[in-house]
Amino acid sequence: MDMEISPEICAKVMSSTSVAIWPIDENPLSESFQTARYFQDQGWRVYPVHDWIDRICDELCYRDIRLIPDDYDILALFIHPDKLAEVVNSIFNADYIPPVVWAHTGILDLEQLDRLREAGIMAVMDRNLMETHKEWCRL
């Protein structure tokens, strides 16, 4: 599915400076790891989230998004699609709700997309954040 991205989401992503990546993989070839490195190279603050990794990409890993001590602009999801409803519930139960939730290629659930958008969250699913950002930077 080719997800239409609004100009508002584009503007927000292009003005962002921080991203939480859930979960991050310690494999340097994984898309989540490469996304973290890419945004670090762009000067962004990266908050890796993983339940058993302590540090990755020279950053402290957080066991849960609710433990991230700072506000962040984008929550980038690399979860299994079957876990999306559970993750959306976690987002709504957190003290801080990010303005953008971006689910990676292959992660799509229209019901959860509607839930996020109805709550005022700019949400994108089934799209590669890093590649989209690179594309927008070339424009």
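This presentation covers helix packing and the cysteines in the structure shown above.

The model is predicted, so local features require pLDDT of at least 70 and side-chain atom pairs count only at pLDDT 80 or more, whereas totals for chains, interfaces and linings use all residues. Residues are numbered from 1 along each chain as its sequence is written, and side-chain values use heavy atoms, with hydrogens and water left out.

I begin with two helices; helices are DSSP runs of H or I of at least four residues, and strands are runs of E of at least two, numbered from the N terminus. Helix α1 (residues 7-14) packs against α5 at an angle of about 90 degrees, with the axes 11 Å apart. Axes are lines fitted to C-alpha atoms, for helices over the stretch in contact, and angles run from 0 to 180 degrees between N-to-C directions. The pair is therefore roughly perpendicular, a label for 65 to 115 degrees. Cys10, Val13 and Met14 of α1 meet Leu129, His133, Trp136 and Cys137 of α5, contact meaning heavy atoms within 4.5 Å.

Next, helix α2 (residues 31-41). Its buried residues (under 20% relative accessible area, 1.4 Å probe, protein chains only) include Phe33, Tyr38 and Phe39. The buried residues of α2 pack against β1 (18-22), β2 (45-48), β3 (55-56), β4 (59-60) and α5 (129-138). Just after α2, glycine 43 has a positive phi of about 90 degrees.

How many disulfides does the structure hold? The search finds zero, a disulfide being a pair of cysteine sulfur atoms within 2.5 Å. The sulfur of cysteine 137 lies 9.4 Å from its closest cysteine sulfur, in cysteine 10, too far for a bond. For cysteine 57, the closest is in cysteine 61 at 8.2 Å, also too far. Cysteine 57 is buried, at 4% relative accessible area.

Conventions
Buried < 20%, exposed > 50% of the residue type's maximum accessible area, 1.4 Å probe, protein only. Parallel < 35°, antiparallel > 145°, perpendicular 65-115°, else oblique.
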